[in-house]
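Hi,

Here is the structure I promised to pass on. Have a look at it first, and then read on for what turned up.

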Amino acid sequence: PSPIDVVSRNPDHLDLFVTGTDGRIYSTWWTPRDRLRLHIKVLSEPTTISRAVMVQSMIDLYASAGIDVTVASVETLNLPLLNDVDVGACASTTTAEQNQLFANRNNAGPNDLCIYFVRSTVPPLNGCAAFPANRPGAVVTSVASPWTLAHECGHILIGPGHVADANRLMMGGGTWNITNPPPDLIATEINTMLASPFTE
């Protein structure tokens with residue numbers, strides 16, 4: 001029944017206080033966190049692990065790194081010729097099919113990530129984070145693991161390299177082979193993610 005009192009000790013922190021019905025004082029606090037905005041583009045829904053599980057796995061893991069993941073929009077794309085998208089070497093040079101697919105950025109800002117859920121890639125991969133210039137995003141396939149979305153977005157924020165440690169998100173042996181989930185992010189990876197232009 002009491003009013004809420006708010007104190008701001010500095011521009012990036014709020015403390016809230018309230019007197020409970022038991023007469024005790026309760027408090028909580030808020031401080032802003034870096035945010036990553038995703039725009040989901042669905043050509044095919046995942047068949048092995050649901051999209052919702054992949055998104056929640058990423059939200060939980062990135063929260064441990066101080067990054068709030070927001071799904072800003074979801075759109076179904078009717079692009080049957082790109083449902084089995086050619087990703088070539090999945091490297092810095094993108095294919096014509098990737099360029100065509102990644103042109104679909106409805107509702108996305110310049111630093112938002114577009115994630116394209118497709119049936120498969122050619123060659124077959126769980127996902128691919130190579131994207132055309134100024135169109136940040138990744139492809140995730142129907143056979144992806146619970147950690148593929150977080151892994152591919154990790155490439156966008158951290159870079160293309162993989163690690164050997166199967167306990168870590170950025171391991172190179174395929175995200176189905178991550179041991180002891182949830183996977184780890186180390187301090188240098190987290191610092192790079194927080195410094196990325198795609199987190200704000």
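A quick definition before the cavity: here a cavity is a set of grid points where a 1.4 Å probe fits but cannot get out, and its volume is the space filled by probe spheres set on the points. Bear in mind, too, that this is a predicted model.

With that in hand, the count comes to 1 cavity of 30 Å³ or more. The largest cavity has a volume of about 30 Å³. Which residues line the largest cavity? They are R35, L36, R37, N111, D112, F198 and E200. Sorted by class, that lining has 4 charged, 2 nonpolar and 1 polar residues.

Now the cysteines. The structure holds 1 disulfide, formed by C90 and C128 with their sulfur atoms 2.1 Å apart. Its S-S torsion is about 115 degrees, so the disulfide is right-handed. Are the two partners buried or exposed? C90 has a relative accessible area of 27%, so it is partly exposed. C128 has a relative accessible area of 1% and is therefore buried.

Then there is C114, which is in no disulfide. C114 is at 0% relative accessibility, so it counts as buried. C153 is also at 0% relative accessibility and so counts as buried.

Last, one of the sheets. Here 3 strands form an open sheet in the order β1-β2-β3, with antiparallel pairing. Its edge strands are β1 (5-10) and β3 (25-30), each of which pairs on one side only. On average, neighbouring strands in this sheet are turned by 20 degrees against each other, direction ignored. β1 pairs with strand β2 (residues 13-19) in the antiparallel sense over 4 bridges. If you want a place to start looking, go to N10, whose bridge partner in β2 is H13.

Over to you!

Conventions:
Residues numbered from 1 in each chain as written. Predicted model: local features only at pLDDT ≥ 70, side-chain atom pairs only at ≥ 80, totals over all residues. Heavy atoms only, no water. Pairing = 2+ DSSP bridges. Helix = DSSP H or I, 4+ residues; strand = E, 2+ residues; numbered from the N terminus. Axes fitted to C-alpha atoms, helices over the stretch in contact; angles between N-to-C directions. 1 Å grid on protein atoms, 1.4 Å probe; cavity = no way out; pocket = protein on both sides within 12 Å on 5 of 7 lines; lining within 4 Å. Nonpolar A, V, L, I, M, F, W, Y, C, P; charged D, E, K, R; others polar. Disulfide = S-S within 2.5 Å. Buried < 20%, exposed > 50% of the residue type's maximum accessible area, 1.4 Å probe, protein only.
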